[in-house]
Amino acid sequence: MKTKIQHFDAIVIGAGFSGLYMLHRLREDGLSVRVFEAGKGVGGTWFWNRYPGARCDSESVYYNYTFSEELYKEWTWTSRYPEQPEILRYLNFVADKFDLRSDIQFNIRVQSAHYDEKNNRWTINLDDHTNVTAKYFITGVGCLSAANVPNFKGIESFKGEWYHTGHWPRNKVVDFKGKRVGIIGTGSSGVQAIPVIAEQAGHLTVFQRTPQYSAPARNHLYDPEYIRKTKANFKEIKKQMRESTGGQPVVPPTQSALEVNPIERNKIYEDNWKNGGLGLFGAFTDLTIDERANKTVAEFIRTKISEIVHDSEVAKKLMPYYYYGTKRPIIDTNYYETYNRENVSLVDVKNDSIESITPNGLKTINNEYELDVIVFATGYDGMTGPLMKIDIKGKDGISLKEKWDGGAQTRTYLGIANAGFPNMFMITGPESPSVLSNMPVSIEQHVEWIADCIQFLRTKEIDVIEANVDAENEWSQHCREVAEATLFIKTDSWYTGANIKGKPRGFQIYLGGVGAYRKKCDEIATNGYEGFVLTSNAVH
Ligand code: N01
C-alpha cells in the first residue's frame, strides 16, 4: 500500500540558531512546520564544533536571541566569551522553553529539495528514503557547515586518530595526554584549539600555511552587577545591535587611522589590546578600506608578536603580511604565548608543503613528523558550500549549483531568495551580512523578514513569490561593488573562496552593514516586496 506523503506549510533545514527561531516564529503564526536536522540534538554549529577551546568571539550578552525579552532575562551567561558547552546549553534551554523539539526530526539529512511547478510545492527527499512536501522551503544550514578536509595523499593509511574541528566526536573525550599531536590550520578554530591541546599533548606540532593576526580575548567571569545592568538595558541594546554595522552595540569609529598622530594612534591600539576582544578591528573608520591605514594596525600586531614570542625565528614565521582583517580577525587566549612552550613547534607549510599523510604521521617535502593524532582545523567551504551540498532544484529542473555555476556566479536577491526558486528562502544566505556580523542578530532579522513575508502572502492570498532576475542581478552587482571598494577582496581567504581547491574566486558576503541592510530589506517589504514577482491563484 502506498503511504501518504506528509505535507507541511513549511520545511526548514537545520536546528541551529536559525532553524529554532524560524520554527518558533512560523508556528506562532499558525503554520505547520517540520525541521530536519542531521545532528542528534539542537545547536547547529554549536552541536558540531566541540573541539578543545571552542568558544564564540562575540560577547555572550550580545550573542543570543533578542526576540523575547523574557528569554533574554531568564538566561544568565557566566563569562565574557561563551564556551561551546554553554552556548549549546543555551540553545537547548531555548528549545525546551518554546517546546520546539516536537517539530524537529533529528538524525536525518535532507538529500534533495525539488520544486514542483505544477503544484507549487517543494518535495523534500530525506536520507531515510522518505519524501515530504511543503509550500515553503527554508534553509537554515549555516554559512560554515561544509567541512573542508583537504584531500591529502595517504590519509586513509594513517594509523592514528584524526579529527576535523567541525565534526568533533560527541560521545568521546579525545585524549591528547602525552601524545604526539599535529594540527593543520591556524584560522579561528586552530587558534582556539592550539593553546588548549598544547597543555595536554606530549608534543604539539602546528602546521601553519598562513599566519594570522590575533588579539587577546581577555575572557573573564561576569560580574553579577554587569549582568543586571545589561538585562535592565535590554531594549536599548537590542536597538543598537539592529542598527549597527556589525550587529554589536558598539559606538562606531569616527576617525581615520591616518588622521591621528602615531602616538595617539598607538595608544588607541594599546587600549584595545588591553581591553581584549575585537576592538582593534573597529578602532578606525578606514582599516579595511585604506592600505596605509591598514598597515598601521598590522604593524602594531606584528610588534606584539615579536614581544610575546621568545624565539625570533618562530616570531617571524608567525607574522602575517596581508591586510589585517581581510581574513577573519581572531581573538585568542594565550595563542602566541603557546609558542614559548617546550612541547610546541611550528612548521611553515607554505615553504615546506605537506606532501602526504603517512601511516605514522605526516610528510612535508623536506621532513617527516611522527604523530599519534592529527587535528584538521582546515575550515569550511563557506557560504555556498552547505547549500550546494544539497540537491536543490527550482523551476525547469535547474539546480542551485548550476544557477551559481558551481559558485562562480553566485547571484541571490538580498541573500534571502533566488530567481528560479519560488517560495524558497535562505537564512543568512550568500550575499547577506551573515558571518561578517554578530550572527544571532542577522539570523533574527532574516527569520522575521521571512515570517512577515509569508504572513503577507497568506493574508493577500498570494501563492508564489519569486525573486525577479533583474533585481537579483542588481543586488549581486551591488554586493560586488561594495566588496571591491574594500581590501577584503585582495586576500586569499575563505571569504573569497580561495581556501577551496577549484572554487572560483568571488565575495559572497554583503559588507554594507547590518543596519543599512535591514533598512533595505524593510523598504523592499514595505514597497510590496519590490523585486519579487508575486502570483495568485496558482494550483494548490
Ligand atoms: O577555518 P579557516 P576555521 N594545507 O578557513 C588552513 C568561524 N569561526 O575553521 O589560511 C595547509 O579560517 C588555512 O590556511 P590558509 C569564523 O568565521 C568562528 O578556523 O588557507 N593548511 C587556515 O589556516 C572563521 O573565520 C569562531 O593558507 C590548510 C586554516 O586551515 C570560520 O569559522 C571559531 C589547508 C583554516 O582556517 C572558519 O574558521 C571558529 C591545506 N591544504 C570558527 N587547507 C569563533 O567565533 C586549509 N588550511 C571564535
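Guide: Start with a term. A polar contact here is a pair of N or O atoms within 3.5 Å; within protein, one must be able to donate a hydrogen and the other to accept it, and neighbours in sequence count only if both atoms are side-chain atoms. Keep in mind that this is a predicted model.

Now the domains. The part to look at is where domain 1 meets domain 3. At the interface, 11 residues of domain 1 touch 15 residues of domain 3.

The size of an interface is often given as the accessible area lost when the parts come together. Between domain 1 and domain 3, about 930 Å² is buried, and 60% of that lies on carbon and sulfur atoms. On the domain 1 side, L487, F488 and T491 supply 55% of the buried area, more than any other three residues.

Next, the polar side. Five residue pairs are in polar contact across the interface of domain 1 and domain 3, both partners at pLDDT 80 or more. The same interface has 1 salt bridge. K490 pairs with E291 in a salt bridge, with 3.2 Å between the closest N and O atoms.

Step back to the whole structure. It holds 32 salt bridges. One of them joins D103 to R27, with the closest N and O atoms 2.6 Å apart. This pair links distant parts of the chain: D103 sits in the loop between α4 (84-97) and β3 (104-105), R27 in helix α1 (residues 17-28), and they are 76 residues apart. D103 has a relative accessible area of 19%, so it counts as buried. R27, at 23%, is partly exposed.

Another salt bridge pairs E472 with R411 (3.8 Å, N to O). E472 is in helix α15 (residues 469-484) and R411 is in the loop between α13 (400-403) and β18 (424-426), so the bridge ties together parts 61 residues apart in sequence. E472 is buried, with a relative accessible area of 0%. R411 is partly exposed at 21%.

R101 has 30% relative accessibility, so it counts as partly exposed.

Technical notes:
Residues numbered from 1 in each chain as written. Predicted model: local features only at pLDDT ≥ 70, side-chain atom pairs only at ≥ 80, totals over all residues. Heavy atoms only, no water. Contact = heavy atoms within 4.5 Å. Buried area = accessible area lost by both parts, 1.4 Å probe. Salt bridge = Lys/Arg side-chain N within 4 Å of Asp/Glu carboxyl O. Helix = DSSP H or I, 4+ residues; strand = E, 2+ residues; numbered from the N terminus. Buried < 20%, exposed > 50% of the residue type's maximum accessible area, 1.4 Å probe, protein only.
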